[in-house]
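The following account leads the reader through the structure, from the overall arrangement of the chain to individual residues.

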Amino acid sequence: MTDRNEALVREAYEAYGRGDVAGMLESVDPELEWTYLDPAFDNPEPQTCHGRDQLRRALERQAGQGLAAQIEEIAASGDKVMVVIRTPGIDRLRARQAGDRNYLVLTVDQQRITAMRACRDRDEARRLAGIT
């Protein structure tokens, strides 16, 4: 199961890296819960969006800015998948610098990404994903 979840997330991010937002979203549950950190603040409180459409708009906005995401690290533990994404140039658009990286924990259920949670750093992501 863990290998399948990791493969699903990898395929979704590889599609997005190729500019195929629609392909990525095929792996995302329509009722996705997406918790993100507002890039306008140095130390933002997590905010939550719901639904595939809000994610689609955010991904299209990022792609429209010429930003392309690349998987740097991926690891799974049960239904949780930690992903470190490097997006060259993204730090110029946010207050909190992170080496052009985003740290995420995704939850997979029945071959769909049902939740995404942004983390402040790799350690937080590993902890939330249950990876030791």
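**Overall arrangement**

In sequence order, the chain follows the pattern α-α-β-β-α-β-β-β-β-α. The model is a predicted one, and its secondary structure amounts to four helices and six strands. Of the 132 residues, 44% count as buried. Residues 24 or more positions apart supply 50% of the contacts in the chain that have a separation of 6 or more.

The six strands form an open sheet of mixed pairing, in the order 2-1-6-5-4-3. The edges are held by strand 2 (46-50) and strand 3 (70-77); each has a single partner strand, so one side of each is left without a neighbour in the sheet. On average, neighbouring strands of this sheet are turned by 20 degrees against each other, direction ignored.

Strand 3 pairs with strand 4 in the antiparallel sense over seven bridges. These two strands form a hairpin with two residues between them, and glycine 78 in the turn has a positive phi of about 65 degrees. Serine 77 has lysine 80, in strand 4, as its bridge partner. Strand 4 is itself mostly covered, with five of its seven residues buried.

Strand 4 is joined in turn to strand 5 by seven bridges, and the two run antiparallel. Here valine 83 has leucine 104 of strand 5 as its bridge partner. Strand 5 (residues 101-109) then runs antiparallel to strand 6 (residues 112-119), to which seven bridges join it. Tyrosine 103 stands opposite cysteine 119 of strand 6. In a regular strand, side chains alternate between the two faces of the sheet.

Towards the other end of the strand order, helix 3 (residues 52-64) lies across strand 1 (28-37), strand 2 and strand 6. The helix runs at about 55 degrees to strand 1.

**Helix 1 and asparagine 5**

Helix 1 (residues 2-17) has 16 residues and reaches 22 Å from its first C-alpha to its last, close to the 22 Å expected at 1.5 Å a residue. Its buried residues are Asn5, Leu8, Val9, Ala12, Tyr13, Ala15 and Tyr16. Seen down the helix axis, these buried residues fall within an arc of 155 degrees, so they line one face of helix 1.

Just after helix 1, glycine 19 takes a positive phi of about 90 degrees.

Why does asparagine 5 count as buried? Its relative accessibility is 2%, and the cut-off for a buried residue is under 20%. Asparagine 5, which lies in helix 1, touches Gly78, Asp79, Val81, Val108 and Gln111, not counting residues up to four places away in sequence. Its side chain reaches the backbone oxygen of glycine 78 at 2.9 Å, and glycine 78 belongs to the turn of the hairpin between strand 3 and strand 4. Asparagine 5 and arginine 112 are 107 residues apart in sequence, yet 8.7 Å apart in space, C-alpha to C-alpha.

Just after helix 4, glycine 130 takes a positive phi of about 75 degrees.

Arginine 126, placed in helix 4, has a relative accessibility of 17% and therefore counts as buried. Which residues is arginine 126 in contact with, leaving aside its neighbours within four places in sequence? They are Glu73, Met82, Ile131 and Thr132.

Technical notes:
Residues are numbered from 1 along each chain as its sequence is written. This is a predicted model: local features need pLDDT of at least 70, side-chain atom pairs count only at pLDDT 80 or more; totals for chains, interfaces and linings use all residues. Side-chain values use heavy atoms; hydrogens and water are left out. Two strands pair if DSSP finds at least two bridges between them. Axes are lines fitted to C-alpha atoms, for helices over the stretch in contact, and angles run from 0 to 180 degrees between N-to-C directions. Contact means heavy atoms within 4.5 Å. The expected span of a helix is 1.5 Å times one less than its number of residues. Buried means under 20% relative accessible area, exposed over 50%, partly exposed in between (1.4 Å probe, protein chains only). The arc is that of the directions from the helix axis to the C-beta atoms. A polar contact is a pair of N or O atoms within 3.5 Å; within protein, one must be able to donate a hydrogen and the other to accept it, and residues adjacent in sequence count only if both atoms are side-chain atoms.
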